[in-house]
Amino acid sequence: MKPVAFEHATAATLDEARTLLAAGAKPLAGGQSLGPMLNLRLVRPERVVDIKRLPGLRGFTESATHLTLGAATTHAEIEDGRVPDVTNGLMRHVAQGIAYRAVRNRGTLGGSLAHADPAADWPSVMAALGATLLTSDGRRIPADGFLRAPFTTALDAGEIVTAVEIPRLPPGARWGYCKINRKIGEFAKAIGIATPGRLLAGAVEGPPTLLDRVEDIPARLPWLDPAAQRLAAIAVTRAQAMRDA
Amino acid sequence: MSAQGVGAALPRREDDRFLRGRGRYVADIAMAGMREVAFLRSPVAHGVVRGLRAPQGAMVFTMADLDGVQPIRAPSALPGFRRTDQWPLATDRVRQVGEPIAMVVAATRAEAEDILDAIALDIEELPPATDMLAHRAGPPIHEGWPDNVVLHSLVEDDLSAVQAPIVVRRRLRTARQHMAPLEGRGVVARWDTRLSQLEMHTSSQMVHVTKTGLAECLGLQESQVRIISPDVGGGFGYKGILLQEEVAIGWLARRLGGTPLRWIEDRREGLAGQANCREHHYDITVHADHDGTILALDCEAHVDVGAYSAYPFSACLEGAQIGSILPGPYVVPRYRCRTWSVATNKPPILPYRGVARTGVCYALETTLDAVARAGGLDPIAVRLRNLPGPADMPYTNITKKIFDSGDYPEALRRAADAMDRDGFAQRQRAARDKGRLLGQGFAIFCEQGAHGTSVYHGWGIPFVPGAEPCQARLTPDGGLELRVGVHSHGQGMETTLAQVAHEILGVPVERVQLIHGDTALTPYSTGTWGSRCAVMAGGAVAEACTELRERLLPIGQHLLQAPDAVFEAGAVRAGNASVSVAEMARTFHRAPQNLTEAMQARGLECTAGHKTARDTGTFSYAAHAVEVEVDPATGHVDLLRYVIVEDGGVLLNPLVADGQVLGGTAQGIGTALFEEMPYDAAGQPLASTFADYMLPGASDVPDIEILHMETPSPISRFGQKGIGESGAIGPPAAIVNAINDAIAHLGREVTDIPATPERVLAALS
């Protein structure tokens with residue numbers, strides 16, 4: 001379980017990173033997904049470019065309506081409240097349930113989104129919050145629709161997520177989050193999210209899916225087998241109950 | 001009790017280095033010029049290797065290169081046992097995914113894996129045997145065998161006359177599991193040209209047995225092999241096994257004549273090809289009277305032993321053990337048990353903490369709960385009706401196991417009291433009214449530990465434990481060295497054995513050094529297995545220290561010029577005068593002119609052997625009690641409360657004993673709810689990372705309450721009993737009984753473990 005030989009480059013500026021990425025380099029941020037994939041030789045890149053210290057990918061800005069988080073913000077920084085929270089605690093709640101602390105110390109928000117594992121937390125949460133992803137090509141991509149298929153996103157070749165723009169939940173607005181998994185920290189078998197006026201089913205072997213009603217699940221998620229549809233319905237129902245409690 | 005002697009709750013001395021990350025494991029060892037070994041492994045479960053093409057210039061070795069090397073053989077003398085040859089590298093047939101086919105050497109592990117990638121392997125696939133029931137009759141996976149039965153064991157009785165009002169039959173399955181010590185296996189080896197000796201550092205719990213097996217396979221004298229096992233990050237049985245990799249690397253180290261070689265097992269190798277355990281199937285019937293009294297026990301059991309008989313415990317262990325221990329802690333008047341150990345195209349099944357006891361306890365205890373449900377009886381009452389009482393001790397059960405001491409019913413009563421049975425019944429009803437499913441479950445079992453010569457002689461496997469040795473030495477400055485052939489892989493022996501020495505000699509624990517894990521420095525022993533170290537090594541340390549004390553006494557009397565002086569609390573004393581062990585040691589080593597010739601002749605260094613008063617083993621016992629909530633929508637099981645009443649006899653160190661019980665229980669929770677190594681019909685393992693092989697995490701193990709009873713064993717030195725495996729035995733039975741209690745009113749039952757959400761939902765639907 002050792003990777004094939006590859007070159008490692010550290011980009012000092014976003015432009016430098018873009019040049020390397022355009023030439024086919026794999027971006028490495030926290031390395032919590034890419035690292036194991038390298039070790040298992042599931043990916044065999046010739047060059048890896050380290051982007052986690054890029055100035056544009058760190059830090060945050062706040063406006064009256066949004067929080068913009070750098071893509072290299074770690075799960076632990078969100079969990080610990082080292083970046084502001086505009087979701088009335090939803091994001092902190094989610095962050096503390098991701099994997100285990102060592103992974104959260106290194107794993108990043110943008111990396112998780114770009115990796116696009118449907119069973120991960122952030123793709124579903126960002127879609128439910130109506131967030132927008134900012135990219136190195138200057139594009140703004142709505143989180144809802146960003147994950148096209150498992151491990152497939154709306155990013156173009158060589159394009160990376162640089163920041164995530166998260167709308168503020170109104171003060172006092174409630175949310176519900178239900179992740180069904182074998183044990184704390186494992187990838188989800190089903191995710192249900194309820195925010196004001198929105199329901200979402202995540203970890204559905206495909207794009208996180210906004211719903212009008214729980215009953216829509218069989219029609220909206222036809223690729224899931226009945227047992228998985230059932231689990232999705234339980235997760236969404238429980239999230240709804242948590243929000244409305 | 002002194003502050004440091006037997007029974008003192010001393011914090012573990014070894015924890016300081018472990019907790020600071022300063023332990024030294026095989027993977028921490030680096031040697032100048034060391035090269036890395038990696039293994040080409042079979043990608044198929046069953047096949048014939050037609051050939052392989054290695055890249056030009058690469059160092060690649062196959063079995064054809066390993067001249068003079070013998071296969072690993074772990075036979076059993078039990079009648080009908082079929083022997084297997086486990087070659088260090090495949091000769092032509094491969095019989096499991098992960099079986100080593102070739103060995104490559106490179107400067108780094110990554111480069112070695114590059115070479116593996118570049119090897120073209122030609123394998124002709126054969127149909128695999130993957131299910132012990134379906135493939136018992138064949139087609140045989142070993143040439144010349146009529147079927148796949150490695151061993152068929154029988155405990156016969158004619159049960160046709162048994163007339164029982166309650167007859168409960170269950171078919172139960174326990175999953176194949178993977179042992180997952182924090183540290184996997186690993187080897188650093190070199191040929192010492194000066195000593196003409198293979199020096200192998202390997203993560204082992206049984207260094208001397210490994211040395212014997214390795215010497216036999218390599219055709220070396222035992223003096224030509226030195227095995228060193230540094231700190232071991234968990235063993236659980238896996239570290240007792242002689243590996244093909246050790247034999248292959250041992251050969252190569254000698255061949256390369258001095259170049260150090262290293263192989264560190266990675267998780268994927270471990271998960272996909274090694275360290276499998278536990279896969280049983282039971283067809284069990286309990287015949288009981290109206291009041292739950294067991295009239296007869298009847299069972300047909302299968303064990304999936306995998307492709308080879310692993311050294312040294314052999315493929316006979318689990319199956320034959322099932323036959324001998326299925327009756328558990330109970331009085332069983334009639335008993336029949338037939339077992340089949342079936343070879344399949346999976347990794348060899350290895351003895352894992354608890355060995356067959358975990359499965360046996362699961363089978364019997366869940367079936368007894370079914371008896372209680374069938375008879376409308378309380379499960380506690382059913383058990384109390386069948387347990388031998390304290391007046392029956394020592395009790396010889398139907399399979400001639402001698403339970404040495406204890407009050408089994410009292411353990412169960414204390415567990416039941418702790419769980420507030422009456423209050424629970426109300427809470428359970430109230431919860432049901434709200435659609436919530438609560439359940440309580442119990443299990444009681446006994447654990448034979450430290451069983452010796454007479455028991456193991458019967459198995460006829462490659463080793464038989466005899467007297468357990470300890471060498472004790474006093475150094476000139478009054479320190480005490482204890483050299484033992486057992487090895488600590490988490491047992492805290494640097495603490496507990498020092499406490500034993502302190503008990504006898506009064507030497508402060510800080511001045512006691514335990515030397516273990518090195519065949520060159522320690523006396524020959526079968527090592528650490530079978531919950532034996534507290535009893536056997538503890539006894540051996542006591543014997544050796546007692547011998548030292550007898551040698552010190554005349555020295556002290558001479559120095560004090562007091563022939564009636566006595567040894568007490570670390571000194572020889574006469575009235576107000578005393579001479580300490582340290583002073584006597586200094587005199588002996590550095591001022592012998594002050595002693596008589598006779599005193600000088602006998603050294604302050606001696607080796608003593610220990611056997612228990614009867615070598616049939618100590619029997620610790622425990623009652624596990626658990627309360628669960630079952631989520632009827634998701635099938636998820638929450639452990640709300642866990643109580644253990646444990647009787648390990650006299651505890652050498654209660655903190656260490658608690659640690660053993662807690663760690664074992666966490667593993668048992670894994671067996672009950674999480675851990676499963678599934679194989680598909682092609683014999684491919686479906687869990688090759690921890691994303692797929694689910695271990696319980698910290699959040700899945702509740703706060704476990706341990707209540708101790710301390711009934712001394714009449715056969716051990718201090719009354720101590722072996723409890724090292726105990727925690728891992730009870731949880732599957734207790735937890736599934738609790739799940740079944742939660743869903744009993746629906747007429748449902750879980751039969752197979754782990755009780756995953758999927759299995760619980762299937763039981764409910």
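Biologist: How many helices and strands make up the secondary structure of chain A?

Modeller: The secondary structure of chain A comes to 9 helices and 14 strands, where helices (H or I, at least four residues) and strands (E, at least two) are DSSP runs numbered from the N terminus. The radius of gyration of chain A is 18 Å, close to the 18 Å that the globule rule gives for 245 residues, so chain A is as compact as a globular protein of that length. The radius is taken over C-alpha atoms, and the rule is 2.2 Å times the number of residues to the power 0.38. This is a predicted model, in which local features need pLDDT of at least 70, side-chain atom pairs count only at pLDDT 80 or more, and totals for chains, interfaces and linings use all residues. Residues are numbered from 1 along each chain as its sequence is written, while chains are lettered from A and ligands numbered from 1 in the order in which they are written.

Biologist: What radius of gyration does chain B have?

Modeller: Chain B has 27 Å, which agrees with the value near 27 Å of a compact globule with 765 residues. Its C-alpha atoms fill a box of roughly 85 × 75 × 50 Å along the principal axes. Chain B contains 18 helices and 31 strands.

Biologist: Which strands pair with β15(B)?

Modeller: Two strands pair if DSSP finds at least two bridges between them. Strand β8 (residues 166-174) of chain B runs antiparallel to β15(B), joined by 9 bridges, with B:Thr174 partnered by B:His280. Strand β16 (residues 294-306) of chain B is also antiparallel to β15(B), over 9 bridges, and there B:His280 stands opposite B:Val303. The hairpin of β15(B) and β16(B) has 5 residues between the strands, and B:Gly292 takes a positive phi near 95° in it.

Biologist: How many residues of chain B are in contact with chain A?

Modeller: Contact means C-beta atoms, placed from the backbone, within 7 Å. By that test, 14 residues of chain B are in contact with 12 residues of chain A. Helix α2 (residues 109-118) of chain B gives the most to the chain B side, with 4 residues. That side divides into 5 nonpolar, 3 polar and 6 charged residues (nonpolar: Ala, Val, Leu, Ile, Met, Phe, Trp, Tyr, Cys and Pro; charged: Asp, Glu, Lys and Arg; polar: the others, Gly among them).

Key
Two residues are in contact if their C-beta atoms, placed from the backbone, lie within 7 Å.
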